[in-house]
Every structure is written in structure tokens, then in C-alpha cells.
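Trainee: I am new to this structure. Please take me through one part of it closely.

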Amino acid sequence: MSVLTRDEAQTRAQLIDVSRYTIALDLTTGDETFGSRTVIRFTTRADADTFVEIKPAQLHSVTLDGQPLDPETLDGNRLPLKNLTTGEHELRVEATMRYSRTGEGMHRFTDPSDGETYVYTQLFMDDVQRVFAAFDQPDLKSVFELSVQAPDGWKVLANGVTEHTGDGVWTAAPTPLISTYLVAVAAGPWHSVTTEHRGLPFGIHCRRSLAPYLDADADELFEITRQCYDRYHEKFSEPYPFDSYDQAFVPEFNAGAMENPGLVTFRDEFVYRSAVTDTERQTRAMVIAHEMAHMWFGDLVTLRWWDDIWLNESFAEYMGYQTLTEATRFTDTWTDFGVVRKGWGYDADQRPSTHPVAPEAVHDTASALLNFDGISYAKGASALRQLVAWLGEKDFLAGINTHFERHRFGNATLADFIDSLAAHTDRDVHAWADAWLRTTGVDTLTPRVTPGTDGTCTLQVERTGSRPHHITVGLYDLDIADERRRLVLRERIAVDVPQSEPQPIGKRPALLLLNDGDLSYAKVRFDPESFEGVRTALSGLPEPLSRAVVWNALRDTVRDGELPGTAYLETARTHLPYETDLALVQGVLSFADAQIANRYLTPEQRPAALTLVAALCRDLIRRTEDGDHPGLRLIAVRHLIEVSAHPEPIASWLADGTVPGGPELDQELRWRILSRLAVLGATDEATIDAELERDPSATGQEGAARCRAALPNPEAKARAWEAMFGGDDLSNYLLTATAQGFWQPEQAELVQQYVPRFYADAVAVAARRGPAIADVLGRWAFPVHAVDEETLRLGEECLRDGEPIPALRRKLVDQLDDLGRALRVRQQTRES
């Protein structure tokens with residue numbers, strides 16, 4: 001299959017305009033394939049040749065302006081259109097298309113709970129070609145008319161309002177001008193809840209087996225949707241541009257969500273079957289806000305080519321967090337961003353695969369797909385937050401609204417956006433864009449405090465890097481009268497980096513915190529006195545966002561080999577029991593477990609680290625015995641399960657169906673415990689089968705696959721490996737679950753023989769099954785526990801000689817860089 005290059009897209013966009021697609025899909029033809037008929041009306045500006053894309057199971061017929069074309073001329077995914085003359089044309093294509101089990105194209109899923117089947121599209125980048133014929137590039141926008149033949153009892157959702165017109169046929173209202181990758185269909189016996197807001201139909205939809213859980217949260221989901229919708233209409237002069245707003249929670253979805261206009265699709269784990277924390281509800285709300293922002297950023301105004309993906313994702317990320325903070329009960333969302341998303345950006349930006357937020361050029365669609373990462377999302381959103389701090393929100397929003405006005409239902413570039421901003425400010429936004437969006441890497445800011453002769457000090461912020469930063473610096477004094485050693489904010493001062501001269505700060509503070517408020521994107525360090533203040537009084541910082549900046553700084557110093565992982569763990573043991581922000585507790589425990597204990601410390605150091613994390617979790621559980629902090633208790637229980645070194649305590653929880661003092665075990669906690677017992681060799685296949693009989697849902701199927709792969713015996717490992725790499729039957733989610741269970745640090749000797757096998761087997765499967773499966777293999781099936789030079793050597797050899805497809809190559813590059821970092825951190829720890 002050929003990927004589309006930027007040059008080819010530009011050539012085709014100069015040649016043709018597409019006015020309308022009329023698409024008829026037949027979903028009644030069986031379990032493996034469906035019918036697809038497409039009529040494309042387009043105009044050429046000159047006599048020339050071009051091509052249309054399609055990836056059929058079988059191409060039946062093609063006619064151009066009434067004349068048949070030979071289906072045998074299809075070359076991979078390209079159907080050549082020869083000798084086109086200037087003027088209007090009509091292309092008709094009839095094909096049989098194949099359903100997918102990988103979350104790409106038209107995904108088909110049968111719910112094991114009740115046997116009901118659902119299909120939905122994910123057409124992002126170039127997967128529209130798996131569903132219908134298209135001139136598949138973002139700047140050839142068109143009107144789409146869609147009809148779907150569906151089985152009896154099914155409901156069809158699409159970008160526009162759908163109507164059942166009889167005989168199983170559903171017809172969707174024609175769309176405004178949208179890009180091919182944004183067309184959406186979701187069909188099946190959906191459970192739906194509907195309402196109306198400001199005259200617009202709102203709907204939420206899920207599988208029937210999830211109906212009670214969706215109903216329980218429907219009020220919350222609609223409230224968040226209404227609040228975001230109203231806030232965006234206060235911010236944006238352009239009204240919501242589509243005829244309805246449906247949100248469908250779909251099974252086995254590869255991303256968090258997809259911004260299809262009028263029909264946003266979400267992974268249906270967001271329909272909560274078990275207890276969740278308020279931070280998890282906040283995350284769901286943020287995804288709702290993010291996807292709604294895309295209705296303007298990406299759907300109304302769309303990038304011209306994939307080098308400007310940040311015009312979609314960075315804006316939706318920034319607007320999602322900011323709007324949630326302004327319009328809903330979730331007022332501390334930037335803390336969660338700092339803990340979860342920002343670390344994702346920092347990590348991605350320090351790997352060999354880093355790229356600018358706005359690259360100068362992305363050669364083709366395969367390369368573009370690799371840029372949906374922490375840079376395009378988290379770094380880009382951080383850059384926008386810094387831009388707002390520097391520019392002012394009033395001018396920023398004025399520029400955005402000018403951008404919408406100039407390019408509504410069209411396409412735009414970075415240059416277009418900067419021009420829109422420049423129309424509303426005297427600041428040099430072009431220079432800002434060059435410094436922030438065209439460069440790579442993370443700047444590091446370090447304070448230098450110089451005492452004066454009069455007892456006062458000055459501050460000089462030293463910068464490693466090249467970007468200008470507008471930051472606030474928090475000066476905190478220690479309240480020595482408070483036994484908790486609280487830090488009291490003396491003042492926050494604004495500092496522009498690089499500085500023209502040192503900044504007076506008065507007497508030396510107990511803690512000098514750079515980037516307090518987290519308005520910029522940079523690693524920060526502490527002067528020696530401030531580090532002592534952090535070590536002794538971190539939990540005494542009054543605001544969670546300030547604590548997030550500190551915890552991120554500690555995390556970065558561990559990753560850079562400047563702070564021993566054991567010191568981070570001791571700091572966590574000292575201060576985390578007093579933490580009130582759930583995102584911070586979750587973030588610190590996750591880093592302590594997954595990174596420090598499992599990767600940065602040696603196998604000999606790991607047991608002591610897990611013991612410390614377990615003790616910390618028990619501290620949190622004791623603190624929550626009064627029942628006032630259920631979310632905090634749930635986090636602590638989950639992590640105590642993950643780090644349990646002995647099976648007896650958690651096995652008794654499973655037998656009793658509850659944790660002493662609560663919570664009672666819901667299905668998520670039961671599978672979590674059983675998975676850990678499998679790792680420890682304290683359960684068996686029969687017990688796993690019994691639990692699956694208790695919970696035969698899709699989530700239960702995944703839990704059972706995870707547990708079976710985690711069993712510490714050669715037969716279980718051989719079966720799991722064969723399932724992952726020997727055939728192509730596992731769906732994307734079952735493959736993920738099996739991979740998650742397979743590699744366990746406790747079982748390093750047992751699975752050692754599979755480490756060298758991983759590379760060749762992953763290359764072969766990725767080549768057969770494509771980018772989505774490659775992503776799963778590179779993310780979850782990589783032997784992350786094997787922190788040694790041989791694993792690194794084998795990986796480098798694979799990159800050099802193994803020819804992995806681009807999606808797998810990118811994952812391997814990142815994994816190997818993380819592995820090399822872990823080796824360096826271990827070496828630096830030994831030397832210190």
C-alpha cells in the first residue's frame with residue numbers, strides 16, 4: 001500500500017475540487033465484509049491524470065463519467081484516473097470492504113455479555129480507504145451524504161442527524177464541508193439517552209450491556225457537555241457548526257476519543273463499570289471538553305497538511321483543560337495536566353524521535369501518524385499556555401476568532417494562524433512561533449541566589465536552552481510555629497528569561513520555586529536551600545499546582561540521574577500521606593512503582609522499594625479509615641495490590657469480597673487482585689475461568705487474558721506468546737491485555753528466552769497487521785523489565801537490520817532510549 005506524500009497531496013489539491021460524496025454502506029452482508037458504493041462528484045482545473053484511494057477486499061466496478069474503468073488497474077490502494085479533462089466529473093465505485101478487529105477502518109465487535117454486535121468507523125489519517133473510495137487528504141473537503149443498510153434492531157449514528165427511512169435503511173443529513181478523515185458511522189443496537197440544549201439535539205450512546213452504567217452517569221455527562229458548549233460560545237464568535245452533538249462510547253477504541261463532527265467516539269472504558277476516583281471523572285470530562293474544542297479547532301478549520309497537526313491537538317488540549325477549569329466543578333485541572341500530560345511531553349521531547357510542535361515539513365502520512373504524541377498534545381498545549389501568559393487572553397481569543405472567520409469550513413496553516421494573532425497585538429508573534437514551535441528539546445531553568453551585604457538577595461535564572469520564558473517565581477517562608485512545617489507564600493514575582501539583570505527578592509526564602517503556577521514548559525531545578533525546603537516541607541506547600549511543579553522537578557532529577565530514586569521514594573513516604581490532590585497521589589505512586597522500582601533501581605534494590613511503596617499505601621489506607629476520602633483510599637488500595645510481594649493479604653480480600661474497612665471489591669478490583677496473584681503464582685487456570693464465568697463481559701475477557709499470560713509457568717507463557725505472535729486472531733484490546741500480563745519483573749528468568757524473540761516476531765506481526773497493532777506491540781509487548789545491555793543491543797540491531805514498519809520503529813526508538821536512560825540512571829546510582 002502506498003502512503004500519500006505531501007508533494008502528491010499538494011499536486012492533487014491544485015488539480016481538483018471535490019463537491020460531494022454520496023456513500024451507501026451495506027452492513028447486512030455477513031460477519032467479515034460489508035458493501036460499499038461511492039459516488040464522488042469533483043471538478044478538475046486542467047487536463048491531467050490523478051488517482052483515488054481505496055483498500056477493498058474486492059473491487060467490483062468503477063465508472064468515470066459513465067464509462068467503465070478496469071478494476072484490475074487498482075495498484076495497492078490507488079485507483080488511477082487517466083486522461084481527465086478540465087471540468088466536472090462523476091466517479092462511481094462499488095466494492096466489498098473488510099471489517100477490522102484492530103480499531104482501524106470499520107471495526108466490528110460482538111459483545112460477549114449478550115452476543116450483540118456493533119460496528120463503528122475510525123477513519124483517521126488514511127483509514128477512510130478501508131470503508132469507501134476517497135480523495136483522501138485533509139484539504140479536499142467536501143459535503144458527504146450517507147445511507148446505511150443495517151440489520152433489524154440496529155440504530156445508525158453519523159455526522160448528521162439520521163433517519164430510518166424504511167427497509168433497514170438509515171439516511172444521514174448531508175454534512176457541511178468536512179475532511180475525509182472526519183466522516184463517522186456507528187451502528188448497532190445502541191442504548192441511547194437524548195436531550196436538547198439550545199435547540200440542538202444531544203445524545204449519548206453505548207452498548208446495551210453498559211446501559212445501567214451510562215444511565216447512572218447521564219446527568220453528569222450532559223451537564224459537562226452543556227457547560228463546555230456554553231463556555232465555548234462565550235469564547236468563540238463562530239457558533240457550533242454542525243446539526244447535532246452525539247457522543248458514542250464504543251468498544252475496543254484505540255485512542256481516548258475522536259473528534260468526528262457531530263458524532264464524537266470515545267473508548268467505552270469511560271462508561272464506568274466500577275468505582276473510580278474524582279480525578280478519573282475529571283479526566284473523562286477533560287476528554288469531552290477536548291473533543292468539543294475540536295469542533296472548531298480541526299473540524300470547522302482544518303489543517304492543510306499533517307505538519308500542522310498541532311493546530312488540531314495542541315489547541316484542543318489547551319482549550320479542554322482551560323474550559324473545564326472555567327466552566328465546571330473541576331477547577332484544578334491544570335494540576336492533573338502538570339502531573340500526567342506534562343511528563344508525557346517532557347519525556348517525548350528528550351528522545352531521539354523528538355520533533356518540533358510545528359515541523360517544517362512532514363513528508364507523508366506514515367510519518368505524520370508518528371507525531372501524535374506528547375509533543376503535539378502536551379508540549380503544544382504548554383506552549384499555548386505560555387503564549388496566553390505572554391500575550392494576554394484577550395488578544396489571544398481575538399486572534400483565534402479572526403482565524404475562524406478567515407478560514408471557516410476551510411483549511412489553514414501555521415502561517416495563517418500567526419497572521420491572525422498578529423492582527424491583534426504589537427508583540428512579535430512570528431518570533432515567538434519560531435522559538436517555541438520550530439525548535440525541539442526541553443529548556444532547564446536553574447536559580448542562582450546571590451546574598452547581598454544588607455541581608456537581602458538577588459535571583460538570576462540561568463537557562464539551558466534557547467526559548468524565552470515568562471514565568472512566576474514563588475517565594476515561600478517556613479512557618480516554624482507549625483509542627484507540619486508549612487510553607488507560607490511571601491509573594492510571587494514575574495520574571496522574563498533570559499533576564500536583563502538580577503531580580504531583587506529580599507531575604508532568602510526557604511523555598512524558591514521557579515515556574516510556580518506551571519505557566520511555562522521547562523524543567524526546573526532548586527538551589528541547595530530550596531531543595532532542603534522541599535525535602536522537609538513539600539507537603540506544606542499550600543497549592544496543589546505548586547506541589548505538582550515540585551514533584552515534576554523531583555521526577556526530572558531522578559530521570560536525569562541527579563537524584564537517587566531511593567531519595568524520591570523517601571520524600572514520597574514523608575509527604576504523600578498528607579497529600580489531598582488525587583492526581584498528585586496517583587502520579588507519584590505510579591512513578592515510584594512503574595519507573596523507580598521496576599526500572600531505575602536494580603533487581604536487588606527492588607524488593608526494598610516495593611516494601612516502601614507498600615508501607616506508603618498502608619499509611620494512606622489508615623488515613624482514610626474515616627470514610628471521608630474514598631478516592632484516596634481507592635488509589636492506595638489499587639497500588640498496594642500492584643506492589644504486594646506476598647499473596648496472603650490480597651488473597652483474603654478476594655475471598656472475603658472486600659478490603660477491611662472498605663471498599664467492597666467490584667469487578668475491576670477483583671481482576672486487579674487476581675492478576676497480581678497470577679504474577680505471584682498464587683492462582684491457577686481454574687480460578688481464572690471461574691472469575692470469567694462471574695464476569696463474562698469484554699472487560700472480563702481482557703482480565704482473564706491478562707491473568708493467564710501472567711501465570712509463572714512455561715506452558716502459560718508459551719500459549720500467550722503464540723496468541724500474540726503466532727496468529728492474527730487477537731483484537732487490539734485482547735492483544736494489549738495479553739502483552740500486559742506476559743512480562744513481569746518477578747519472572748525475569750522464566751521469560752528470558754523470549755526477549756531476543758520479541759524483535760523479529762514483532763516486526764513480522766506489525767508488517768502483517770498494520771500501525772495500530774504495531775503501536776500495541778511497541779508499547780505493551782516490549783520487555784520493559786529487561787534493563788540490560790543485551791536487550792539494548794538486540795533492539796539497536798533490529799532498528800538497523802530488521803526493517804520494522806514506521807509505527808513500530810518509532811515505538812522501538814522510544815523504548816530503547818528509555819532503556820538506555822534506565823541503564824545510565826542505574827550506573828550513576830552505583831557510582832554515587
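Mentor: Start with how elements are named: helices and strands are DSSP runs, numbered from the N terminus. The model is predicted.

Take the loop first. Glu803 sits in the loop between α25 (789-801) and α26. Its backbone stands out: Glu803 has a positive phi of about 55 degrees, although it is not a glycine. Most residues other than glycine have a negative phi. Glu803 is also exposed, with a relative accessible area of 69%.

Now move into the helix. Helix α26 covers residues 806-831. Its partner here is helix α23, residues 755-769. Two packed helices are described by the angle between their axes and the distance between the axes. For this pair, the axes come within 11 Å. They cross at roughly 150 degrees. Angles over 145 degrees count as roughly antiparallel. So α23 and α26 are roughly antiparallel to each other.

Which residues meet? From α23 come Phe758, Tyr759, Ala762, Val763 and Ala766. From α26 come Leu808, Leu812 and Leu816.

The loop between α25 and α26 holds Glu803, an exposed residue with a positive phi.

Note on methods: Residues are numbered from 1 along each chain as its sequence is written. This is a predicted model: local features need pLDDT of at least 70, side-chain atom pairs count only at pLDDT 80 or more; totals for chains, interfaces and linings use all residues. Side-chain values use heavy atoms; hydrogens and water are left out. Axes are lines fitted to C-alpha atoms, for helices over the stretch in contact, and angles run from 0 to 180 degrees between N-to-C directions. Helices (H or I, at least four residues) and strands (E, at least two) are DSSP runs, numbered from the N terminus. Angles under 35 degrees count as roughly parallel, over 145 as roughly antiparallel, 65 to 115 as roughly perpendicular and the rest as oblique. Contact means heavy atoms within 4.5 Å. Buried means under 20% relative accessible area, exposed over 50%, partly exposed in between (1.4 Å probe, protein chains only).
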